[in-house]
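Student: I would like to learn how to read the packing in a model like this one. Can we go through it feature by feature?

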Amino acid sequence: MTALRSRAFDLLLGGWTALFGALIPALLWADARRLRGVSRLWVSGVMGLLRTVIGLDHVEIGSANRPTGPCLIVCNHQSTWETIAFIRLFPDVAIVAKEELLKIPVFGWYLRHSPMITIDRESGTQALRRMVEGAKAALAEGRPVLLFPEGTRKDPDEAIAFKRGVELLYGRLDVPVLPVVVNSGRFWGIGNPAKRPGTITMSCLPLIPAGLKAGEMMERAERVMEEERRRIG
């Protein structure tokens with residue numbers, strides 16, 4: 001039954017996405033804010049399909065920790081779910097994403113024109129420079145910036161460990177860090193295409209202030225996020 005529901009979701013997702021692909025010609029001259037609004041509508045539909053077809057919902061804890069102004073959001077990465085859901089859960093968010101995502105039909109077009117911060121991870125220092133420049137531009141518009149500091153999706157039982165880049169970004173931006181932990185891999189994980197029913201937990205942890213040494217921020221974020229990963233399971 002899980003496999004059948006997952007297959008039905010995939011088919012319905014394809015149809016829902018094709019509808020937004022058909023809207024592209026009418027949106028060619030739309031500004032980025034309007035495009036992000038359309039993207040959030042698409043995400044709302046995807047999350048609705050997850051609830052009704054799969055039985056997969058989410059709950060947020062620690063919402064009071066969200067800042068009122070722009071910040072750098074660092075989140076562990078276990079699933080496609082957070083890549084999609086955060087577009088609605090953090091309105092106007094600028095996601096640091098790998099450039100390969102631009103090749104995905106429809107989704108890639110909206111990603112490029114929202115715009116998000118896309119980088120080629122193989123280009124080294126050039127990718128880091130582009131990430132910093134894109135993040136500064138987004139923050140100047142009042143948008144939060146989302147980074148998956150682990151670099152790729154990981155098994156839900158694997159410890160959280162940041163890759164290079166997050167400390168550079170923190171040091172250049174002078175904004176607080178909002179650590180966020182999800183357990184989405186329990187329900188929509190790597191190596192298992194079937195989506196399973198249940199409730200994903202998204203936990204927003206207390207803010208880490210701007211102005212710390214980059215290494216101190218990184219150590220603190222890794223520690224509190226790993227503790228929360230173990231707690232929410």
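This is a predicted model: local features need pLDDT of at least 70, side-chain atom pairs count only at pLDDT 80 or more; totals for chains, interfaces and linings use all residues.

Student: Which residues of α7 are buried?

Tutor: Helix α7 spans residues 166–173, and its buried residues are V166, L169, Y170 and L173. They lie on the same side of α7, because they cover an arc of only 100 degrees around the axis. Just after the helix, D174 has a positive phi of about 55 degrees.

Student: What does L72 touch?

Tutor: Leaving out residues up to four places away in sequence, L72 touches L169 and Y170, along with V145, L147, V175, P176, V177 and L178. L169 and Y170 are two of the buried residues of α7. As for V59, 13 residues from L72 along the chain, the C-alpha atoms of the two are separated by 21 Å.

Student: How should I read a nonpolar core?

Tutor: In soluble globular proteins, nonpolar side chains tend to be buried together. Here the largest nonpolar core has 46 residues, and F9, W81, F86, F90 and V180 have the most contacts inside it. Helix α3 (residues 32–54) gives the most to this core, with 10 residues. Apart from it lies another core, of 31 residues, which includes A127, L169, L173 and I232.

Student: What does F86 touch?

Tutor: Not counting residues up to four places away in sequence, F86 touches C75, W81, V93, L146, V180, V182 and M202. Among these, W81 and V180 are, like F86, on the list of residues with the most contacts inside the largest core.

Student: Now for a helix pair. At what angle do α1 and α3 pack?

Tutor: Helix α1 (residues 2–22) packs with α3 at an angle of about 160 degrees, and their axes are 10 Å apart. Angles over 145 degrees count as roughly antiparallel, so α1 is roughly antiparallel to α3. The crossing of α1 past α3 is right-handed.

Student: Which residues of α1 and α3 meet?

Tutor: From α1 come R5, S6, A8, F9, L12, L13, W16, T17 and F20; from α3 come V38, L41, W42, G45, V46, L49, L50, V53 and I54.

Definitions and conventions:
Residues are numbered from 1 along each chain as its sequence is written. Side-chain values use heavy atoms; hydrogens and water are left out. Buried means under 20% relative accessible area, exposed over 50%, partly exposed in between (1.4 Å probe, protein chains only). Helices (H or I, at least four residues) and strands (E, at least two) are DSSP runs, numbered from the N terminus. The arc is that of the directions from the helix axis to the C-beta atoms. A nonpolar core is a set of buried Ala, Val, Leu, Ile, Met, Phe, Trp, Tyr and Cys residues joined through side-chain atoms within 4.5 Å. Contact means heavy atoms within 4.5 Å. Axes are lines fitted to C-alpha atoms, for helices over the stretch in contact, and angles run from 0 to 180 degrees between N-to-C directions. Angles under 35 degrees count as roughly parallel, over 145 as roughly antiparallel, 65 to 115 as roughly perpendicular and the rest as oblique. A crossing is left-handed if the near helix is turned anticlockwise from the far one by less than a right angle, and right-handed if clockwise.
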